[in-house]
Amino acid sequence: MKRLALSLSVAAAVLAVPALAKPTVITADRYLDVAKGTYVEHPAIFVDDAGRITGIADARVIKLSADAQVIDLPGKTLVPGLIDMHVHLDGPADIGGYRGLEFTDSFFAMTAVGNARAMLDAGFTTVRNVGSGNRNDIGLKQAIANGYAIGPRIVPAGYALGATGGHCDSTFLPPSLEKATKEEGVGDGEEELRYQVRRQRKFGAEVIKVCATGGVFSRNTEPGQQQLSESELRAIVDEAQMWGLRVAAHAHGAQGIKAAIRAGIDTIEHVSLVDDEGIKLAAARPKPVYFSMDIKNTDYTQAEGKKNGVLEDNLRKDREVAQIQRDNFRKAFKAGVKMVFGSDAGVMPHGQVGQQFATMVQYGMTPLDAIRAATLTAAQALGQEGDVGQIATGRYADLVAVEGDVLTNVRLLEKPAAVIKGGKRIESAR
């Protein structure tokens, strides 16, 4: 009976695989089913010409056609391609403070190409870029899609939205060097901010980023300061939803976090100074809200920031919120808030963001919880669960291979053995 059941299950799997002229088949020792939290042994993953998984069979009992293109990864464990929900691809981590004025405007777009490649090599096949200068994230997405650059799938925001003088405004220059008009993305009042939502979408934004509070690495703002009213945040959400876009809110301070949650923001970024009331609001809100907490990068900024040109005032704010944010990460997760992986890459080097998995485990998650935050849950927060986040039929064949058991040693994700995007193996640039 067991043999009959195995034969029927294999037959069903094989029948689910459509005939391809030159099918791509990916094999490994096992893969992680992140939804069930269990391994599936000896997979043969079939991929179509569009880079999507068409079926998964047992590699031990099927016969591959002679013309099949096989990506064989013996001894490897596969996990879904990783998703980072908070990156800045055009932000070199080693240039801080006023050092950015040493370079021409287009310099930062050029650095984005290498940073995107570093993230892909690190196993992040999808990233959400929450704010860039000159719409560098949108241009890079187009370059990757058309074969001019190699990098992850990008969900771009264009310019971040914020208040005059706030974290998302230009705050480092004197009035004599400022433009006569407002910076791109800056709006005061509901109507100006609605216009900025429309403007970012018009030029390619696929998510709206808004700064609800002050920040760590801006000048003349404090992380705890609320900088947009709840009514302004609600106007942004209403406008974005009408256009089919989700909203991410930079929010360190407790009052700004709660205003963003009540306004209907989809993901709250940083969440450093959240209080118990904010955690309860997030856990109980009928429409899911996700916390994206960058709890690793302060190790880099405190070690290297001064050398990189970061101002002492910014390093002071970084020190003040770091441990509070980590403790609140533990509290929020324990309370049942939905958590996604967000590194704030650009504050730390893009190729090192996989180190955050271990920090997430240190502060209360299991390895499976941390992996789900960067796969299944992140895909849900993006509204792309039918495309990414799982190794399953219909999803893109975005995969990361490691040597060993990631459910007991999540640090294996810091140095992937292989990365596959859309059924094609990416040769490391390193």
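**The nonpolar core around Phe-291**

A: In this predicted model, Phe-291 is in contact, leaving aside its neighbours within four places in sequence, with Ile-261, Ile-268, Val-271, Val-274, Gly-278, Ala-282, Ala-332, Val-337, Lys-338, Met-339 and Val-340. Phe-291 belongs to the largest nonpolar core, which has 74 residues, and together with Ile-268 it has the most contacts inside that core. Helix H6, spanning residues 254–263, gives the most to this core, contributing five residues. Because domain 1 (24–80 + 391–426) and domain 2 (82–352) both give residues to the core, it lies between them. Apart from this core lies another, made of 15 residues, among them Ile-26, Tyr-31, Leu-73 and Ala-401. As general background, nonpolar side chains in soluble globular proteins tend to be buried together.

Phe-124 and Phe-357, by comparison, have ring centres 6.3 Å apart and planes at 15°, so their pair is stacked. This second pair links distant parts of the chain, since Phe-124 is in strand E7 (residues 124–129) and Phe-357 in helix H10 (residues 356–362), 233 residues apart. Both Phe-124 and Phe-357 are buried, whereas Phe-107, at 24% relative accessibility, counts as partly exposed.

Key: Residues are numbered from 1 along each chain as its sequence is written. This is a predicted model: local features need pLDDT of at least 70, side-chain atom pairs count only at pLDDT 80 or more; totals for chains, interfaces and linings use all residues. Side-chain values use heavy atoms; hydrogens and water are left out. A nonpolar core is a set of buried Ala, Val, Leu, Ile, Met, Phe, Trp, Tyr and Cys residues joined through side-chain atoms within 4.5 Å. Buried means under 20% relative accessible area, exposed over 50%, partly exposed in between (1.4 Å probe, protein chains only). Helices (H or I, at least four residues) and strands (E, at least two) are DSSP runs, numbered from the N terminus. Domain bounds come from an automatic or database domain assignment. Contact means heavy atoms within 4.5 Å. Rings of Phe, Tyr and Trp (its six-membered ring) pair if their centres lie within 6.5 Å; planes under 30 degrees apart count as stacked, over 60 as edge-to-face and the rest as tilted.
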